[in-house]
Each structure stands twice: as structure tokens, then as C-alpha cells.
Amino acid sequence: MLSSSDLPETIAIFPLPGALLLPRARLPLHIFEPRYLAMIEDCMKTPQRLIGMIQPEKGPAGGASGLSTIGCAGRLTQFSETEDGRYMITLTGVSRFRMKREIDGFTPYRRCEVDWSGFERDLGKPESDGAFDRDPFMDLLSRYFASQNLSTDWESLGDADDEMLINALSMLCPFSPEDKQALLEAPSLTTRRETLITLLEYAMHSGSDSGDFMQ
């Protein structure tokens with residue numbers, strides 16, 4: 001496990017709309033663009049092997065996209081290469097960060113100077129949610145899945161601990177990038193669970209678009 005002293009001031013950034021990574025959670029990614037293939041190769045040469053996942057924001061017409069203020073860095077923990085040169089990787093969430101400034105340089109991918117302060121609990125043990133009433137939550141989740149024509153492995157969800165359950169749903173449910181950002185920025189697991197419940201209820205009431213839930 002990385003400590004605060006291991007975290008670098010500058011990291012590679014992967015702006016991917018709708019992709020959410022949370023501390024201690026795992027995010028599988030399929031890498032095929034040349035600039036991000038180069039990013040992975042450079043990442044593997046560093047001791048921390050960190051990549052920052054962050055939501056892009058629309059820039060001025062014709063201009064480069066901006067970046068959200070807060071993202072989450074993940075450590076490259078699994079890697080495989082396909083016969084045609086694509087990479088299948090897994091990032092394991094380490095800590096959220098606050099973006100300070102983007103760095104101009106010679107890499108084809110984006111790099112940023114970041115600040116890790118304020119997210120010290122991300123480096124600790126898994127969080128618990130003492131106010132979590134699981135039965136009503138699972139009932140709400142069942143109704144949400146039915147309303148959105150989604151499916152999942154209910155046994156695995158039922159066996160997951162509080163943090164794994166809440167974070168997995170936050171990452172995998174088909175919410176908007178703005179909603180994913182709100183889940184990322186939640187200051188505690190309890191706040192994230194409350195935000196998640198609000199989003200589930202809103203989605204059912206508004207009849208938002210459905211999608212395939214990842215298993």
C-alpha cells in the first residue's frame with residue numbers, strides 16, 4: 001500500500017467521460033489509442049505506476065477540453081497485451097487528488113501537477129457506514145435495476161462489504177458524468193451512499209436511459 005510520502009507531485013492524466021475510479025476499488029480499462037498506449041508504457045517505468053482518472057469538461061468551441069477539479073489516481077495492478085498491440089489493464093484506486101495545473105510537455109498524453117492534501121483517509125483502511133440499512137437499500141436497488149432493465153450478480157452484491165458495494169455501484173451504474181463526479185467528491189462513504197440513493201430514486205422517477213450493468 002502506498003503512503004502519502006510515495007505520492008508524486010505530477011501524474012499522467014486519463015480524461016475519460018463517465019469513468020469513475022474510487023479509492024480501493026478496481027477499474028478495468030481497454031487501451032488502444034496510441035497516446036494512451038504510450039502513457040501506459042511510461043507509467044510502468046515509474047515506481048508508483050500511477051495514472052489519474054478525471055472527468056473532462058467541455059472547453060470553448062474549438063478549444064481543448066478542460067478538466068474537473070478533483071480526480072482519483074489508480075495504481076496499475078494488472079496488465080496484458082493483445083496480439084494486435086492493445087492493452088488490457090486494471091487500475092486499483094489509491095487516492096483522490098485536486099488538480100493544480102496542467103503541465104506543458106512533450107508527452108502525447110496530458111500530465112498535471114496535483115495536490116493530495118485533504119484526502120488522507122483514502123490511503124487508510126476501508127471505510128464503514130454505520131448508518132447503512134442494507135435491506136431497504138437492496139430493495140431500492142432491485143426496483144432501480146428493474147426500471148432500467150439492468151442485470152447483475154445479486155449474490156456477489158449481497159456478500160460485498162459496505163464500501164465495496166457502495167463504490168462498485170457508484171462506478172458501474174449508468175449515471176451522467178456530472179453525477180459520477182458528485183459521487184467521487186463525496187467526503188465520506190455515508191455521504192456517497194446518500195448521494196447514490198438520491199440518484200437511484202431520481203433515475204426511477206425520471207425514466208432516464210438504461211444500459212447494461214457490468215458484471
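This is a predicted model: local features need pLDDT of at least 70, side-chain atom pairs count only at pLDDT 80 or more; totals for chains, interfaces and linings use all residues.
## Strand pairing

Strand β8 (residues 110–115) has pairing partners that include β1 and β7. With β1 (residues 10–15), strand β8 pairs in the antiparallel sense over 4 bridges. Within this pairing, A12 has R111 of β8 as its bridge partner. Strand β7 (residues 87–103) also pairs with β8 in the antiparallel sense, over 5 bridges, and here M99 has V114 of β8 as its bridge partner. Strands β7 and β8 form a hairpin, with 6 residues between them.

Strand β7 is also joined to β6, by 11 bridges, and the two run antiparallel. In this pairing, G74 stands opposite G93 in β7. Strands β6 and β7 form a hairpin too, with 5 residues between the strands, and in that hairpin G85 takes a positive phi near 90°. Strand β6 is in turn joined to β3 by 4 bridges, again antiparallel. The bridge partner of G52 in β6 is A73. In a regular strand, side chains alternate between the two faces of the sheet.

## Aromatic contacts

The count of aromatic pairs comes to 7. One of them is Y144 with F175: the ring centres are 6.4 Å apart and the planes stand at 40°, so the pair is tilted. This pair links distant parts of the chain, 31 residues apart. Y144 sits in helix α2 (residues 134–148), whereas F175 sits in the loop between α4 (162–172) and α5 (177–185). Both residues are buried by the cut-off of under 20% relative accessible area: Y144 has a relative accessibility of 1%, and F175 has a relative accessibility of 11%.

F145 and W154 form another aromatic pair, also tilted, with 5.0 Å from centre to centre and 50° between the planes. F145 is buried, at a relative accessible area of 2%. W154 has a relative accessible area of 36%, so W154 is partly exposed. Y144, F145, W154 and F175 form one aromatic cluster.

## The largest cavity

A search of the whole structure finds 2 cavities of 30 Å³ or more. The largest cavity has a volume of about 50 Å³. Its lining consists of A19, L20, L21, M53, I54, Q55, I70, G71, C72, Q181 and L184.

Which elements give two or more residues to the lining of the largest cavity? They are β3 (50–54), β6 (70–81) and α5. The largest share of this lining, 3 residues, comes from β6. Strands β3 and β6, which both contribute to the lining, are also joined to each other by the 4 bridges described above. By class, the lining of the largest cavity has 8 nonpolar residues, 3 polar residues and no charged residues.

## The second largest cavity

The second largest cavity holds about 40 Å³ of space. P23, R24, R96, D122, E127, E163, N167 and R192 line this cavity.

How do the residues of the lining of the second largest cavity divide into nonpolar, polar and charged, and what are the counts? There are 1 nonpolar, 1 polar and 6 charged residues. In contrast, the lining of the largest cavity has no charged residues.

## Cysteines

A disulfide is a covalent bond between the sulfur atoms of two cysteines. How many disulfides does the structure hold? The number is 0.

C43 is buried, with a relative accessible area of 4%. For C173, the closest cysteine sulfur is also in C72, at 18 Å, again too far for a bond. The cut-off for a disulfide is a pair of cysteine sulfur atoms within 2.5 Å. C173 is buried, with a relative accessible area of 1%.

Key: Residues are numbered from 1 along each chain as its sequence is written. Side-chain values use heavy atoms; hydrogens and water are left out. Rings of Phe, Tyr and Trp (its six-membered ring) pair if their centres lie within 6.5 Å; planes under 30 degrees apart count as stacked, over 60 as edge-to-face and the rest as tilted. Buried means under 20% relative accessible area, exposed over 50%, partly exposed in between (1.4 Å probe, protein chains only). On a 1 Å grid over the protein atoms alone, a cavity is a set of points where a 1.4 Å probe fits but cannot get out, and a pocket is an open set with protein on both sides within 12 Å along at least five of seven lines; lining residues have an atom within 4 Å of a point. Grid points are joined across faces, edges and corners, and a volume is the space filled by probe spheres set on the points. Ala, Val, Leu, Ile, Met, Phe, Trp, Tyr, Cys and Pro count as nonpolar, Asp, Glu, Lys and Arg as charged, and the others, Gly among them, as polar. Two strands pair if DSSP finds at least two bridges between them.
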